[in-house]
Amino acid sequence: MSAAPATATAPAEPLLVAEHLMKRFPNGVQAVDDVSLTVHAGETVGIVGESGSGKSTTAKLVLRLLDADDGTIRFAGTDLRGLRGKALRDVRRSLQLVPQNPQTSFNPKLTIGDSIAFNLTVHGTRSKPAHARAVELLERVGVATGHAAKHPHELSGGQLQRCAIARALATEPSLVICDEAVSALDKSVQAQVLNLLAELQRETGVAFLFISHDLAVVEHVADRVVVMYLGEVVEEGDAAAIWRAPAHEYTRALLAATPERLLATRDAAAAAPTP
Amino acid sequence: MSTARATLNRTSVEDIITRAGDHEHVLTVEDLTVAFTRRRRQITAVRGVDLTLTAGRTLVLLGESGSGKSVTARAILRLYGRSATIGGSVRLGDTELTTLDESWMRGIRGGAIGMVPQDPSGSLDPLRRVGAQIVEVLQRHDVEQDERRGRAYAGGLLERVGIHDPGRVLDAFPFELSGGMRQRVAIAIAIACRPRVLIADEPTTALDVTVQAQVLALFTELQRELDMALLLVTHDVGVARIVGDDVAVMYAGRLVETGSVDEVLARPAHPYTAGLLDALPLPGIPRGELLAIPGRPPGPDELVSDHACAFAPRCRFAQPSCTRHRPPLVEVRPGRLAACDVVGGEVPRVAPATRGATARTEAVA
């Protein structure tokens, strides 16, 4: 195991600092309410919460797929909220996404190779080297390179999610947002993909913002965890510490309800507190 | 359906249901096979599954996508109609369901055997109020023909499944309810006729974990109260652990292991079951060091040989013989069946089954 390259440097400015983010949807729902989070280079921060907690909206605000109503987002020293056009596109090279459902995130008409290469050509790489790099990446994430010529529907969910990871890593990003990236996978395949993400992080020093409803998965992958409930951060801290001693009642409810926890304590099902 | 015919059928169906109550094993599935024809090719999704459901007990059918677990559940109710070829036997008490007249089968579905689907938004009619949908079920199965009394009955059912304001929910359209509430409505409909058997296909998969815990607790409660046999289909070993008495693990259309939940999850006898348990991200396992099962389950279009163990390509214990001969499901210990002749009744675990248990117990306190 090699040392993570990112930790070698002196403590620098965090990679991502989002402060006091606010987002209200037109229907009046305050989806994100004063959310702040920090991601350092090379680390994994987990956001955990149930549907409607605002975790995916937070991700979209950071990615600038949605515009925040208020707050600041600094990424690698740049004010993200002020960026537009080419400047924003350039930043996105370093800020990538692995979405939940690869079946819908790949263009069904393009081959896998084309889809991955597109993430490079859109940033100025020529077509030939981009395709060569796509094949390299597929090999790296454990997908047979022959699949580069296949279409998304020909691959299984697990293989396709590996391809989505390859696509996100193509631009050598410093931060990848994984939005429920393993939730749709079978448990036996989920473990493979979690292992792959850990390996890639060790190799490249990429940081992950890992969003999931599954506290057990987040505890496994994350250094720090942010717990969201109804748009607000209700608890944050060291992942293992939160697992051992959750401070907020909602976190306790989430924790008691994880299947892994229930494996150990069957009677907890009836006793699970309701948020 | 003419009224005369409906009455005739109802009497007969009632008779079947009453007789089913006399049997300890309410529902018996024997050597069930389900095949579909797709692009002129036969795809066998279920190959020789045996299940026994007992009143007051829960059998969990555990498997990953494509294992045939949902197909098994739906085939019991003959929900595939003519699009599937079904072999083997499904008996409710002493009545064979695979050959039962379709008009009688309609009385069985929702009458003797209730079904809770994975996604209630797909099973509830989006254009009709919840109350009307429940009343319809009550009328069709002759529980209550009168609309007003039916509505009162429906309100009682909603209360029974933990809905505190049944009046509002009866008048609501499905889209006005949360996912958890919709699933409670689906459960209310499934138990409306006090079925002998309840089949639930991934009933909590679409729900948030805290809601899931409540809904699973509701299943257990209702089952005790109504003395139903519950068949619960899930991919989630945690869910199996919470609600199950017995578990049947499926892989590639076959059962690979059966036994009591406590036993199977503590001492799996098939490498696939052990692999599923070991792949869980339990606390204390260093990041990136999960024991993943390599490869993936065979897809629906892939041919699975009948003369080899389907799990062999992914199995740590595979021997050359595993690809030449399919191990039968045999008793490996009292009450335990497994289809593996390599591990000899208990899978040697890489890590103890209790790893991480200390950390978890601490946190619960």
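A crossing of two helices is called left-handed if the near helix is turned anticlockwise from the far one by less than a right angle, and right-handed if clockwise. In this predicted model, local features need pLDDT of at least 70 and side-chain atom pairs count only at pLDDT 80 or more, while totals for chains, interfaces and linings use all residues. Residues are numbered from 1 along each chain as its sequence is written, and chains are lettered from A and ligands numbered from 1 in the order in which they are written.

In chain B, the crossing of α5(B) and α8(B) is right-handed. Helices here are DSSP runs (H or I, at least four residues), numbered from the N terminus. The axes of α5 (residues 130-140) and α8 (residues 179-191) of chain B come within 9 Å and cross at roughly 20 degrees; axes are lines fitted to C-alpha atoms over the stretch in contact, with angles from 0 to 180 degrees between N-to-C directions. The two helices, α5(B) and α8(B), are therefore roughly parallel (under 35 degrees). Helix α5(B) contributes B:V130, B:Q133, B:I134 and B:V137 to the contact, and α8(B) contributes B:V185, B:A188 and B:I189. Residues are in contact if their C-beta atoms, placed from the backbone, lie within 7 Å. Six residues of this contact are nonpolar, one is polar and none is charged. Ala, Val, Leu, Ile, Met, Phe, Trp, Tyr, Cys and Pro count as nonpolar, Asp, Glu, Lys and Arg as charged, and the others, Gly among them, as polar.

In chain A, the domain assignment (automatic or from a database) gives domain 1 (13-76 + 176-270) and domain 2 (104-173). Ten residues of domain 1 of chain A are in contact with ten of domain 2 of chain A.

Notes. Angles under 35 degrees count as roughly parallel, over 145 as roughly antiparallel, 65 to 115 as roughly perpendicular and the rest as oblique. Two residues are in contact if their C-beta atoms, placed from the backbone, lie within 7 Å.
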